[in-house]
Amino acid sequence: MYKYYDKHLRQWEILRKKGVTNYFFLYGLMGSTGYFIFTYLLHMVFNDGFETFTTLISSIIFGPLYAGISWVMEKRNTKLLERYGLKRAV
């Protein structure tokens with residue numbers, strides 16, 4: 001159990017050192033691409049009209065939103081892990 005938390009905290013430290021801008025670029029881009037592909041696949045399965053422009057705009061909005069929410073949640077979870085003593089000396 002502690003190994004998972006230690007690993008999580010080490011990964012978070014690496015991401016935090018890279019900075020918010022890189023995190024937003026990486027995870028925002030991944031979130032946007034994932035959202036666009038998933039929406040495209042849903043439209044193909046249900047034979048719905050796929051509107052490329054609106055889906056592209058919504059994915060551009062969704063990517064940074066996802067990155068921002070995940071950054072805040074990771075910070076909060078890390079603080080909780082450190083506060084309650086789940087961080088051990090490696």
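At 66% relative accessibility, T21 counts as exposed, where exposed means over 50% relative accessible area, buried under 20% and partly exposed in between, with a 1.4 Å probe and protein chains only. The place of T21 is in helix 2. From T21 to Y40 the separation is 19 residues in sequence and 28 Å in space, C-alpha to C-alpha.

The model is predicted, so local features need a pLDDT of at least 70 and side-chain atom pairs count only at pLDDT 80 or more, while totals for chains, interfaces and linings use all residues. Residues are numbered from 1 along each chain as its sequence is written, and side-chain values use heavy atoms, with hydrogens and water left out. The predictor's confidence in each residue is pLDDT, on a scale from 0 to 100. For the protein chain, pLDDT averages 82, and 90% of the residues score at least 70. Among the elements, helix 2 has the highest mean pLDDT (88) and helix 1 the lowest (80).

The secondary structure comes to three helices and zero strands, and from the N terminus on the elements run α-α-α. Helices (H or I, at least four residues) and strands (E, at least two) are DSSP runs, numbered from the N terminus.

The overall dimensions come next. The C-alpha atoms fill a box of roughly 55 × 25 × 15 Å, taken along the principal axes. The protein chain has a radius of gyration of 17 Å, whereas a compact globule of 90 residues would have one near 12 Å; the radius is taken over C-alpha atoms, and the globule rule is 2.2 Å times the number of residues to the power 0.38. Buried residues make up 24% of the 90 residues. Of the contacts between residues at least 6 apart in sequence, 74% join residues at least 24 apart, a contact being heavy atoms within 4.5 Å.

Helix 2 covers residues 20–45, and its 26 residues should span 38 Å at 1.5 Å a residue; the end C-alpha atoms are 36 Å apart, which agrees. The expected span is 1.5 Å times one less than the number of residues. In helix 2 the buried residues include Y23, G28, G31, S32, T39 and H43. One of them, T39, has a relative accessible area of 15%. Leaving aside neighbours within four places in sequence, T39 is in contact with F50 and T55. Just after helix 2, N47 takes a positive phi of about 50°.

Helix 3 has 32 residues and reaches 46 Å from its first C-alpha to its last, close to the 46 Å expected at 1.5 Å a residue. T55, the contact partner of T39, is among the buried residues of helix 3, together with S59, G63, A67, G68, S70, W71, T78 and L81. N77 also lies in helix 3, which comprises residues 52–83, but N77 is partly exposed, with a relative accessible area of 29%. N77 and H8 are 69 residues apart in sequence and 10.0 Å apart in space, C-alpha to C-alpha.

Aromatic rings provide a further set of links. A pair of aromatic rings is described by the distance of the centres and the angle of the planes. Rings of Phe, Tyr and Trp (its six-membered ring) pair if their centres lie within 6.5 Å; planes under 30 degrees apart count as stacked, over 60 as edge-to-face and the rest as tilted. The structure holds six aromatic pairs. In one of them, the rings of W12 and Y23 have their centres 6.3 Å apart and their planes at 85°, so the pair is edge-to-face. This pair links distant parts of the chain, with W12 in helix 1 (residues 2–18) and Y23 in helix 2, 11 residues apart. W12 counts as buried at 2% relative accessibility, and Y23 counts as buried at 4%. Ring pairs link W12, Y23, Y27 and W71 into a cluster.

A search of the whole structure finds one salt bridge, defined as a side-chain nitrogen of Lys or Arg within 4 Å of a carboxyl oxygen of Asp or Glu. The side chains of E13 and R16 meet in a salt bridge at 3.6 Å, N to O. Being three residues apart in helix 1, E13 and R16 are separated by about one helical turn. An α-helix has 3.6 residues a turn, so residues three or four places apart point the same way. E13 is partly exposed, with a relative accessible area of 24%, and R16 counts as partly exposed at 43% relative accessibility.
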